[in-house]
Each structure stands twice: as C-alpha cells, then as structure tokens.
Amino acid sequence: MLIRFDGILELEGMLLGGQAFRWRFEDGWFHNVLFNNFVSARQVDKGVEFACGPDDESVIAPLFRDYLRLDDDLVAIGKTISKGEQISAAVSKYQGLRILRQEPWECLVSFICSANSNIPRISTNVEDMARNFGHALEMNGHVRSAFPTPDELADAGEQKLRDLGLGFRAKYVAAAAVCIARGDVDLFSLREASYDEALEELIGLAGIGDKVGNCILLFALDKRQAFPVDVWIERAIKEWYPEVVEQKLTRKAMRPWAQEFFGTYAGYANQYLFHGRRLQGKD
DNA sequence: AGCCAGGCCCTCC
DNA sequence: GGAGGGCCTGGC
C-alpha cells in the first residue's frame, strides 16, 4: 500500500546510515523485521510504498509512519539547526534525512553493542542475536527472525552472547535483558519522562554511558534534544566550531554545549553533523 | 600484520 | 573528579 507523503524524505540515509542495523536493501526495496512483521518499503514520488506480513498492512502502516517520523517538520527543524556553514550544507545535501523512532529494546541492545565497535560488526551482532534467539517468521519462502525479547536474551545469558562474538558487551546485554525482563526499568515509560530523568535511568544500566544513552534517547525515546558525542561528532565540532577548541571543551562538555547551541532539535543537528563529517569527500 | 573501532568501566591519582 | 589503561573481536 502507499503511505502518502509529500514532504521531504531521504529513506536510504535514514535506514542505512547507522541509526538502525537490520535494514537490508534488495531488489529495489528495503527489508527488515519490525513490530513482529516482515516489513518492506521503498520511496516513490507520492510517498512510501509499504508491504508487511503476517499482520494487515492497515494495522502496521501507521506504526511504520511513526517509525519514519513523517510528521516532523523538517523544513522548520532545518532552519533552527542551520547554525554554521558546514551543517547548513549538510542539511541541504541530505535533505529529508529524518531521525527514526525505533523500538526501544532493540535500539538499546544495538547501541550497547556499538561500544568500541563499527557498523558492519554491530549489524552482524544484532542479526546473530535475532537468528539465534528471536522467534522466526516465515513468508513467501523467506525466513527471518524478530529481534529477541528481553526474556529471550536473558534466557540466552552472557556465555551464549559471547559465543556470538559480542565480546565484553555480552555481559552488559545479558544484564540489561534481566533488568528489563524483571521490570526494573520500563523503556516505554521513558518516552514520557523528561530527558534528564530518562538519561539517568539508562546510565544506571551497565554498558550505557552518556554517548550510548543519548543514542537510545534520540533514536527510540522521543528525545530530539539528545546529542550523542562519538568520535565523528567530536571531529566535526572541533573542525567546524573553532570556539569549542579555543574554550578547550572536553568531549564530555561538548554535549551540553551543543544542546545549548543548537537548541530543541540538537539531535537533528547531531545527525547532519554525523553524516556531513563521516561522508566528507564521498559522493 | 597490525591497528583501531559510532565507549564504558575501573583504578589510581 | 578526571585522566588513563584495559577490554573482546573482527574489519580494513
């Protein structure tokens, strides 16, 4: 079915740009498992063509629309964050690049796995967890698994996660799974909580520090002021905002600086800085 | 072959 | 309180 949309949209950058790790591009479509469904999507003139199963498209399409945040007014947001030559260029170059609204648990595990790692490896880790511990879906001869629930990963345990190649992150994922399965932390309620409160809750989990916590807040928990500072963001800020270097701001101090500087939608600024710097020189 | 990755934790100062 | 080393493993 068609999800009608006439605003700006850059689906490829959103799905394959390092926000999420299970999207695959094949035969002109992007494929993933979301909301316990096979989901396929592609960008067309009038919006997004969408297919899913086993559930009805009419049920999943609204969820997928929210996932893509089509209601964010990117023109207005772009204006508020275009503070500086390079980010303005990136806003214009990657026009329509939106922050995803991911499923919180999968997002949390993905970014725990991101520590001292790289995108190809994170993708492998996340896909391996799904294949080994998630429940399988089958459709038209294709088999792929849902991302495992907290219970399923808690049952798997640290050793089996290590066997998949998660390394020292296995302990953190296993502990987080137990914690969420027990209900110690309710991720969905953090969507309603304040930024500060939600960040504090997340950092209470082992393996989640300021950077990873801000990724989860931004990509899954509706905190568009979140501003994860990784090596790419640090490079971009130091090169493009010399005042930060002059003030000798440490990496830790860059987050509050950026949140003040870019404002309510600092998270969007983050995404454009990230793309702009990481893809510098590539076309 | 060897370096380093989209950090975090722990220790020690 | 903050700076520095160690950590699993696999891409490149």
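A base oxygen of DNA strand C is 2.8 Å from an N or O atom in the side chain of Arg169, a polar contact in the sense used here (a pair of N or O atoms within 3.5 Å; within protein, one must be able to donate a hydrogen and the other to accept it, and residues adjacent in sequence count only if both atoms are side-chain atoms). This is a predicted model, in which local features need pLDDT of at least 70 and side-chain atom pairs count only at pLDDT 80 or more, whereas totals for chains, interfaces and linings use all residues. Residues are numbered from 1 along each chain as its sequence is written, chains are lettered from A and ligands numbered from 1 in the order in which they are written, and side-chain values use heavy atoms, with hydrogens and water left out.

**DNA strand C**

- Asn116, Pro120, Arg121, Arg162, Gly167, Phe168 and Arg169 are the residues around DNA strand C, where a residue is near a molecule or strand if one of its heavy atoms lies within 4 Å of it.
- Arg121 places a polar side-chain atom 2.5 Å from a base oxygen of DNA strand C.
- Phe168 uses a backbone N or O atom, which lies 3.4 Å from a sugar or linking oxygen of DNA strand C.
- Sugar or phosphate makes up 55% of the atoms of DNA strand C within 4 Å of the protein, and bases make up the rest.
- The surface near DNA strand C has two nonpolar, two polar and three charged residues (Ala, Val, Leu, Ile, Met, Phe, Trp, Tyr, Cys and Pro count as nonpolar, Asp, Glu, Lys and Arg as charged, and the others, Gly among them, as polar).

**DNA strand B**

- There are 27 residues around DNA strand B, of which Gly18, Ser117, Asn118, Ile119 and Gly207 come nearest.
- Of the atoms of DNA strand B that come within 4 Å of the protein, 58% belong to sugar and phosphate.
- A polar backbone atom of Ser117 is 2.6 Å from a sugar or linking oxygen of DNA strand B.
- A polar backbone atom of Asn116 is 3.4 Å from a base nitrogen of DNA strand B, and Asn116 is also listed among the residues around DNA strand C.
- The side chain of Arg251 has an N or O atom 3.2 Å from a phosphate oxygen of DNA strand B.
- Helix H10 (210-219) and helix H11 (231-240) each supply at least two residues of the surface near DNA strand B, and H10 gives the largest share, five residues; helices (H or I, at least four residues) and strands (E, at least two) are DSSP runs, numbered from the N terminus.
- By class, this surface has 14 nonpolar, nine polar and four charged residues.

- Chain A is divided into domain 1 (2-71) and domain 2 (104-220), with bounds that come from an automatic or database domain assignment.
- The C-alpha centres of the two domains lie 21 Å apart.
- In domain 1, 13 residues are in contact with 21 residues of domain 2 (contact means heavy atoms within 4.5 Å).
- Domain 1 and domain 2 bury about 1500 Å² between them, 64% of it on carbon and sulfur atoms; buried area is the accessible area (1.4 Å probe) that two parts lose on being put together, summed over both.
- Phe21, Arg22 and Phe38 supply 54% of the area that domain 1 buries against domain 2, more than any other three residues.
- Five residue pairs are in polar contact between domain 1 and domain 2, both members at pLDDT 80 or more.
- On the side of domain 1 that touches domain 2, strand S3 (29-34) and strand S4 (37-44) are the elements that give two or more residues, and S3 gives the most, with three.
- That side of domain 1 has three nonpolar, seven polar and three charged residues.

**Salt bridges**

- The structure holds 15 salt bridges (a side-chain nitrogen of Lys or Arg within 4 Å of a carboxyl oxygen of Asp or Glu).
- Two salt bridges are found across the interface of domain 1 and domain 2.
- Arg24 and Glu127 meet through their side chains in a salt bridge (3.4 Å, N to O).
- Asp222 and Arg69 form a salt bridge between their side chains (2.9 Å, N to O).

**Backbone geometry**

- The peptide bond from Gly53 to Pro54 is cis, with omega near 10°, and Pro54 lies in the loop between strand S5 (47-53) and H2.
- Phe35, in the loop between S3 and S4, has a positive phi of about 50° although it is not a glycine.
- Asn116 has a phi near 50°, a positive value in a residue other than glycine, and is found in the loop between helix H5 (104-112) and helix H6 (119-133).
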